[in-house]
Amino acid sequence: MFHQRKCYSLQRLSFSIYRSVKSLSTRQRTQCTCLNSFDTKKSENEYLKISFPQKNRLQSIYGNRELKWGLPSVNTLRSQPRRATQKTLGGLYTHPLQNKMTGISFREYSSSTSTVGESLTHWTAKLEDAGVPESRLSAEHITAHVMGMSRRKLLENLRASVSEELYSELDRLMTCRLVRMPVQYIIGEWDFHNITLKMRPPVFIPRPETESLVEKALEHLQSISAPKVLEIGCGSGAISLSLLKCMNELQCVAVDQSKHAVSLTKENAKHLKLDGRLVVLEGKVTLEKFPALPYQKFDLIVSNPPYVLRKDLMEVGPEIMIFEDMRALDGGKDGLNTIKPILLHCQHLLPSGRSILMEVDPCHRYLIPAWLKTQKSKLEISSVIQDFNGKDRFIEFTKI
């Protein structure tokens, strides 16, 4: 359930959007596609009425009650199902940012800066003023993307000039960052392990710590001839494609419940010319069902499932809450809603002695062993691996 205090906070943010966008110049609004849907000619009361295609989808949830643009009442959020709540929050998964925005005090952002260094200084200050985390890093990544060079090369060419055309594009993309769109979505790609992946919302953005899961998987696979790997919850395809890039004889099957994730994984596989050794399937793993697979047994199963505890979900930043698919994070009350079905089904997909590698919450190393005993599972925890922050982030399960 959504915490009441957090809901009130989100409501205040949603009502600040209209005022914030109205203070932007016409040029700034038209430069950023995620702001195009705002009509500042309307009065505030008129604008707060719902004005996007979600209305028909939400009507079945709310009946004849009047739909309001932005966030509903706290009581509505607390009483309705989680999925309905997410739809109410403005189409977290598919709709452009026209529902929530941080309370930014917008000013004119046009600048006469003419060099890369001056531009970085200018935009870092603007992002910091807006409370955007890692402001300097964000400015560097976006500027490097606009300039068509790596971030390292950008920092070596701080005196390079920025043309009016390039600065106009930079202005547009920085406006998106000001409203907390993740850098990965803004530039449309991101480096992970040994590959560069295309990125777009609402597909889950791979985190740096997950690269450790790839390294551990490679250790397991080195001694196996023509191995077969199953990945559950593939997102953008980061884990499977990294493994395929490193091992020429590897065959992978990747599964995800999101059609957007399945589509992006296929696109990334084709772009990296790895689609010939990857099967991508859309399907949800529950206690009652499991997707049909092309192979009966696998040499290794890897997964970065939804494992965030429900109580921790409301602590995530707006970059995640507004733009990313929250289903890729929500692990239920104890964070094990998806982990338990994966373990129960996957123990039958492994030969004896083979393993499951899974990314988890640090508390799960204490919760899972007792649960496994109650299930009389054929799996045992063979190792717990820490991430680069020293947290118990990965568990290796081995079939007895």
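1. Buried means under 20% relative accessible area, exposed over 50% and partly exposed in between, with a 1.4 Å probe and protein chains only. A salt bridge is a side-chain nitrogen of Lys or Arg within 4 Å of a carboxyl oxygen of Asp or Glu. Lys and Arg count as positive, Asp and Glu as negative, and His and the chain ends are left out.

2. The model is predicted, with local features needing pLDDT of at least 70 and side-chain atom pairs pLDDT 80 or more, while totals for chains, interfaces and linings use all residues. Residues are numbered from 1 along each chain as its sequence is written, and side-chain values use heavy atoms, without hydrogens and water.

3. Lys-399 lies in strand E9 (residues 392-399); strands (E, at least two residues) and helices (H or I, at least four) are DSSP runs numbered from the N terminus. Lys-399 is buried but has no salt bridge. Asp-299, the nearest side chain of opposite charge, is 12 Å away.

4. The largest pocket holds about 1,100 Å³ of space. Of its 41 lining residues, Arg-207, Pro-208, Glu-209, Ile-320 and Glu-324 are closest to the centre. A pocket is an open set of points on a 1 Å grid over the protein atoms alone, with protein on both sides within 12 Å along at least five of seven lines; lining residues have an atom within 4 Å of a point. Grid points are joined across faces, edges and corners, and a volume is the space filled by probe spheres set on them.

5. The second largest pocket has a volume of about 780 Å³. Gln-257, Pro-306, Arg-327, Ala-328 and Thr-338 lie nearest its centre.

Terms used:
On a 1 Å grid over the protein atoms alone, a cavity is a set of points where a 1.4 Å probe fits but cannot get out, and a pocket is an open set with protein on both sides within 12 Å along at least five of seven lines; lining residues have an atom within 4 Å of a point.
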